[in-house]
Amino acid sequence: MNMLELPQGQGSGFIWDSTGHVVTNYHVIQDASDIKVTLSGGEEFSAKVVGVDQDKDIAVLQIGPLGPAASEAQGDGSSKPPQQLLAAAPPGVSGPAPAAAAASALPGSLPAGAVPVPSVPVEPVRVHPLSLCSSSADIVVGQKVFAIGNPFGLDHTLTTGVVSGTGREIQSISGRPIQDVIQTDAAINPGNSGGPLLDSGGCLIGINTAIYSPTGANNGVGFAIPVDIVKSSVGQIIQYGKVTRPILGISFAPDQSSEALGIKGILVLSAREGGPAWRAGLKGSSRDEYGRLVLGDIITAVNGVKIKTSSDLYRVLDKSQVGDTLRIQVLRENSTFEVSVVLDSNNPPPPEQPKA
């Protein structure tokens with residue numbers, strides 16, 4: 001019954017840089033055990049996941065072979081000898097057969113009817129990354145756009161339209177809202193997910209992600225993640241393998257539960273020990289000796305901005321950095337007070353190992 005569809009399965013993507021990084025949507029590859037990438041020229045490659053950003057529905061893949069340096073970056077860090085390639089010889093034909101159906105085997109364990117195939121140097125993949133738009137802030141309603149992808153498995157499909165809205169908000173798979181999303185009437189269907197949305201100059205302005213549809217097919221309202229968010233997430237994934245964001249260190253009640261209780265704000269269920277909220281003295285919900293629910297602190301404002309739902313809180317956090325200090329207004333029982341919270345990273349550095 002969700003009108004906001006995130007089509008899964010076969011999807012689209014685009015080349016990010018000359019080293020073979022491919023960007024797509026996280027929801028396209030989240031359940032995949034084996035990922036294949038087919039380039040526009042028809043070349044097919046296996047891809048490895050470099051990292052993902054579930055909160056923004058972005059995934060970065062690596063294709064190859066891209067020369068020794070890229071191959072080492074893709075691997076597990078171990079040095080392995082090259083495998084010997086084999087191909088079956090057709091009956092009545094002597095000599096090596098084409099290596100179309102190549103398999104690996106150890107020397108001295110050749111299957112019957114198989115002959116060694118000499119090693120051939122592998123040419124690096126020739127890829128052409130897309131140009132990136134300078135900023136999604138320059139996008140205006142009415143601007144012409146082009147969506148490229150594989151709707152319903154129909155590859156190399158181009159659809160056109162205009163930017164029909166900006167500043168939209170959709171929800172990611174993790175439940176965290178994605179802000180400043182681009183709305184377009186360019187046809188986006190299942191299979192378009194992860195593909196590029198381009199301006200008339202051929203520059204990337206967003207990643208096609210979702211459609212608003214009662215049927216699951218295009219209904220004239222599509223959404224794309226803006227290039228500013230894409231650049232931030234992809235840059236961190238390529239450099240660190242993950243995305244770092246500031247956190248309060250709390251778990252809180254779903255908006256529906258808070259609304260049912262008549263609460264206007266964020267009901268804290270627990271504050272992680274040692275985390276930012278815990279250090280500031282925030283208290284979570286609990287049970288008394290009779291099993292009755294004792295409500296925890298309720299966050300009603302951050303830095304003077306009223307907080308009514310989780311989306312309001314996420315908007316503030318998305319504009320903050322690790323180490324920033326937030327002024328949080330808290331309602332506890334019948335009293336209201338303010339505390340200062342210093343934000344931590346969602347990916348804290350590992351503790352230092354004792355030196356011998």
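Eleven salt bridges occur in this structure, a salt bridge being a side-chain nitrogen of Lys or Arg within 4 Å of a carboxyl oxygen of Asp or Glu. The model is predicted: local features need pLDDT of at least 70, side-chain atom pairs count only at pLDDT 80 or more, and totals for chains, interfaces and linings use all residues. Residues are numbered from 1 along each chain as its sequence is written, and side-chain values use heavy atoms, with hydrogens and water left out.

Three of these pairs, among others, are listed below.

| Salt bridge | N to O distance |
|---|---|
| Arg245 and Asp55 | 3.7 Å |
| Arg279 and Asp344 | 3.1 Å |
| Asp297 and Arg332 | 2.7 Å |

Arg279 belongs to helix H5 (residues 276-280) and Asp344 to strand S26 (residues 344-345), so their pair ties together parts 65 residues apart in sequence. Helices (H or I, at least four residues) and strands (E, at least two) are DSSP runs, numbered from the N terminus.

Arg245 and Asp55 are both buried; buried means under 20% relative accessible area, exposed over 50%, and partly exposed in between (1.4 Å probe, protein chains only). Asp297 is likewise buried, at 1% relative accessibility, whereas Arg332 is partly exposed, with a relative accessible area of 22%. Salt bridges with shared partners join Asp53, Asp55, Lys56, Arg176, Arg245 and Asp318 into one network.

The chain as a whole contains six helices and 26 strands, and 41% of its 356 residues count as buried. In helix H6 (residues 310-318), seven of the nine residues are buried, so this helix is largely enclosed by the rest of the structure. Among the buried residues of H6 are Leu313, Tyr314 and Val316.
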